[in-house]
Amino acid sequence: MPGGGMDYHRWHSKWKDLADPLEEEKGTLDESLKPEAEAQAAMQAAYAREMAQEQPSDKLMELKINMALEAYERRRPRDHIMHHYWIREAGDPDAIGEYFPSGDERNNVPVYRNRNGFTLSREKQPMGPSTPEESYGWIIGNMSERRPLYGVRSDDLSAPILGWQSFTAPEPLPMLRYYTHVSAARVFKEKGNRAFQRRAWDEAEDWYSKSLACKLDPDDYAEALAMVLSNRSEVRLRAASFEGAAEDAAGALQRLKVADSFEEPIQMLKLKTVVRLAKAQQSLKRYSDMLRLLQEHAKSFPRNQEIPRLLSEAKLAMRAAESQGGPTSKTGRSGPGASEEMLGFAARAVETVQAQVAVLGDDISSHAFPQDLGVGLKRLEYLLIKAKGVQGSCFSDLQAVMRTCGGVRTLLQMLQAQWKSSLDGKFADLFKLPAVAAITSVLSLTCESCPENLRAVSAEAPAIFSALGSCNRKVDAAICEGLVELAAGLWQHCRLRSVELLQAHGTAAEQAVSFLAKAALAEPAVGGDSHDGPDSPVLDAECREKAISLLSSFLSGDGGPRLERRAVRGAAPQLVGQHGDGLFTAALPAARALGAQLAQHALADPLLVSAREVRNLLAGINLLITSGPCEDDAAAGRSIPMASFVELAGEDASMKFPDLEAWVQTESGQHAALMLQIVAKVLEYRFLLKDRELERNDFEVAFHASRGLFLTIPLVQAPMALAEPALLCLSCLVQASPDAACDVSTLGALRALLGLPMPEANPAPSFVEDTLKGSAAARAHAAKVLSRCVESEVAMDIFQSSGEKAIKELVKLATRLHRDGKGNLESFHDIIHVFFAISQHRPGPLCCFMPEDMLYPLVELTSERERTEVTERAEAIVETLKRDRRCKKLLRPIIRRRDEGTSYDVEEELLKPGDGPGPLGGLG
């Protein structure tokens, strides 16, 4: 071959001599396979031609890449065998991947193999046909098919990066990356670190083991090996492989002695390794070894707080073992604390539970434990409760014994089994899971005011929060209180870790928040042990405050946006209950503050509010009004204006019009306004923004089922805080359904908007004028309601009987919409539609009471060049008005000025806010 390249035929003949396990079967191949082979060959040739086509490339970038590859090639250790290779790019996709030593060896170099069975090997090649001398080269190929794909001539012990050529595979040529043993060890360690961050203990241990298997020189790389061993020790601690953890930590300390460095990173690694070895020895109950280790290294790290704590635990564990008659030497007792008998009793109880758990095996996932195990847990619970009432460090000593003797670890093992079988992703009932209740009861006592135990328990945070979410009023209050304490402790001391775990188990967080909201509302009943309210036992005042604080933290986003959203979903049903009771109507001020906090979330994201909650919110508003201003009026002997519609909607079809002017400023009034805003935003989202959703009908049914119209129509006359969201509700309804528009008209909404007395027999105070004057949004909602209801028979009767008043109110609304500028241009067009409908059905009142100032914009709209529905309606209105003698006289000079081109542009005026000199500037 030219240029001293590789001879494919020689290499092919070389591979052809390899033993083929299918050689004996070649003669039996069916001749019918030949066409298929020819077709495959044709496809391969076409693929090769396609891949060989030149692609446009950036020449400068290509030059930089080539320079980088050349530099990488120059750094390649030619006389060193590599740990493995990675082919990042090649024409044959099966050749891509990582190549690791297969266990075979050719020409003093390992044969490397990828997961597709392709090999990278160092082979011999004759120098020529007339000489016996041979040279070496590297081949990428498929030995089972005896097919070399790519090759490069090189005598080096490591495969070259450049110089490859294609044999039977298409271009592009392979792009290699080599890994020395050192670089491979580093890469594997980094992969192990990433797996550790994901809490994938088995995977992390595997990567660390691969890093250690790279056979680095123990003298040259003592620090690196110590770090990997120490990391694997921590992984094995997390995976409860304590013997292996102790071996790794001890090995790491031996290598750190070889390093003998006082640099801060090395000293920090040494400290971590000492602590890990101590914890492993503690778990193996080698307390004497643990004590010696910590005493040996305590002086080296005087500022560290972990070593003194572990020292104290080691001494405590030895006391407990001594009182059991264990093989430990006597240690003096220092300070007040648990007695020797109590420590021994605790240690024996822990050992009994551990033995029973070992016997049960997989049966510890049963919803109820055998009697012996249940009694063992009860003994631990009883001991902790008694110790809690003793002054001094008795309680904390027993908590430490639970940790040092492996009691906490055993409880977590049991809880993990229960989590997998009964809690994970399920809506559980803790009353039917006595095993979970027993475990969590002991755990809550073990972790009370004990950050060390809480850090250990945080690994099972999803199970703890799921158990909390499965509580209900049938569960003993003490168990629920313990779970609230435990969850609050995890949130306070181990929040980052708990949040990280709960992110993947949002259902557990949502259920826990739901129970916390119920617990915040649970009140004892007067004169009995039962209580009114949601499905939760009555918690003591201190625990209830912790539940409210934890719930508030969730809603404040302290756990991140995902958990915040889950929290809103979980707590939303308790905002207002089925009968109107809920956070907003709770007796506890902190619970009402939670309601306001939750309401702000619902306003920001209406998608979180369900149809059932819309119904409950309306019931809550009605409850607040009935129990507030209505009762106040009744107590003061004042009659409440009412309007009855029994003939239209059956019994209880009546509207109440209490005086809400002062009440709306109260806490209850503000809560009612906030709830009505939520209902309005939800209807707007479901009916207008997402009007094609299948659930839309559910929300409409929920609104009407809770007598929403009989609540919101009277509120149109209320102060602005209530009237504006009430108008938005009506606006959404009339746009969503023609039937709703008819109902709104029939029930008197138009009379209220047009300033007519409501109810007619006993009019109530009305703030409609103030609302429409002070709120642009209210004006827009009112214009939409009027435009959708104006063609109803009720509307036409109003204009016939109260034409002057109604027309004046419409003109006043149109004037204010004009002053709003571009933002309410659509609403001004809605009022034009109202005038159009009146001109077509009841033109008399329009002709009699239409002021001259309103004629200007109507005439100008008719002169628009672009013909739209609005201009056509304006023309129809003007034509109708021309038939009236008074209007015709007023219109004649306006039309003349328009024809002479001296009139103003109404659209331009509408886009300019303010009281400019235009014809509508003087209306008000």
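Me: Is the crossing in which helix 21 passes helix 23 left-handed or right-handed?

Reply: Bear in mind that this is a predicted model. The axes of helix 21 (residues 541–555) and helix 23 lie 10 Å apart, and the two pack at an angle of about 15°. That angle makes helix 21 roughly parallel to helix 23. As for the hand of the crossing, helix 21 passes helix 23 in a way that is left-handed.

Me: Which residues of helix 23 make the contact with helix 21?

Reply: On the helix 21 side, the contact is made by I548, L551, S552 and L555. By class, the contact residues of helix 21 with helix 23 come to seven nonpolar, three polar and no charged. Across from helix 21, the helix 23 side is A590, A591, L594, Q597, L598 and H601.

Me: How do helix 24 and helix 27 lie to each other, roughly parallel or roughly antiparallel?

Reply: The axes of helix 24 (residues 611–635) and helix 27 (residues 696–705) come within 8 Å, and they cross at roughly 20°. Angles under 35 degrees count as roughly parallel. With such a crossing angle, helix 24 and helix 27 are therefore roughly parallel.

Me: And how many charged residues are in the contact of helix 24 with helix 27?

Reply: Helix 24 passes helix 27 in a right-handed crossing. The contact takes A611, V614, R615 and L618 from helix 24, and D698, F699, A702, F703 and A705 from helix 27. Sorted by class, these are seven nonpolar and no polar, and the charged ones number two.

Me: At what angle do the axes of helix 26 and helix 27 cross?

Reply: Helix 26 (residues 667–689) passes helix 27 in a left-handed crossing. Their axes come within 9 Å, at an angle of roughly 145°.

Me: Which residues of helix 27 make the contact with helix 26?

Reply: Helix 26 puts in V679, V682, L683, R686 and F687.

Me: Which elements give two or more residues to the lining of the largest cavity?

Reply: The largest cavity is lined by A572, L575, V576, L598, A602, V609, E613 and L617. Two or more of the lining residues of the largest cavity come from each of helix 23 (589–604) and helix 24.

Me: How many charged residues does the lining of the largest cavity have?

Reply: The lining includes E613. By class, the largest cavity is lined by seven nonpolar and no polar residues, and the charged count is one.

Me: Which helix gives the most to the lining of the second largest cavity?

Reply: Lining the second largest cavity are L753, L754, L772, L786, E809, L810, K812, L813 and R816. They divide into six nonpolar, no polar and three charged. Five residues come from the helix that gives the most, helix 35 (residues 803–819).

Me: Which helix gives the most to the lining of the largest pocket?

Reply: The largest pocket has a volume of about 1,700 Å³. Of the 50 residues lining it, E234, L237, R238, A456 and R497 are the closest to its centre. The elements giving two or more residues to this lining include helix 4 (181–197), helix 6 (222–238), helix 8 (264–283) and helix 19 (495–503). With eleven residues, the one that gives the most is helix 8.

Me: How many charged residues does the lining of the largest pocket have?

Reply: Among the residues closest to the centre of the largest pocket are E234, R238 and R497. By class, the lining has 23 nonpolar and nine polar residues, and its charged residues number 18.

Me: Now the backbone: which loop holds P172?

Reply: The peptide bond from E171 to P172 is cis, with omega near 10°. P172 is found in the loop between strand 7 (165–166) and strand 8 (175–179).

Me: What is omega for the peptide bond from M758 to P759?

Reply: P759 lies in the loop between helix 31 (749–753) and helix 32 (768–774). The bond from M758 to P759 is cis, with omega near -10°.

Me: What phi does R146 have?

Reply: R146 sits in the loop between strand 5 (131–142) and strand 6 (147–153). Although R146 is not a glycine, its phi is positive, at about 55°.

How values were computed. Residues are numbered from 1 along each chain as its sequence is written. This is a predicted model: local features need pLDDT of at least 70, side-chain atom pairs count only at pLDDT 80 or more; totals for chains, interfaces and linings use all residues. Side-chain values use heavy atoms; hydrogens and water are left out. On a 1 Å grid over the protein atoms alone, a cavity is a set of points where a 1.4 Å probe fits but cannot get out, and a pocket is an open set with protein on both sides within 12 Å along at least five of seven lines; lining residues have an atom within 4 Å of a point. Grid points are joined across faces, edges and corners, and a volume is the space filled by probe spheres set on the points. Helices (H or I, at least four residues) and strands (E, at least two) are DSSP runs, numbered from the N terminus. Ala, Val, Leu, Ile, Met, Phe, Trp, Tyr, Cys and Pro count as nonpolar, Asp, Glu, Lys and Arg as charged, and the others, Gly among them, as polar. Axes are lines fitted to C-alpha atoms, for helices over the stretch in contact, and angles run from 0 to 180 degrees between N-to-C directions. Angles under 35 degrees count as roughly parallel, over 145 as roughly antiparallel, 65 to 115 as roughly perpendicular and the rest as oblique. A crossing is left-handed if the near helix is turned anticlockwise from the far one by less than a right angle, and right-handed if clockwise. Contact means heavy atoms within 4.5 Å.
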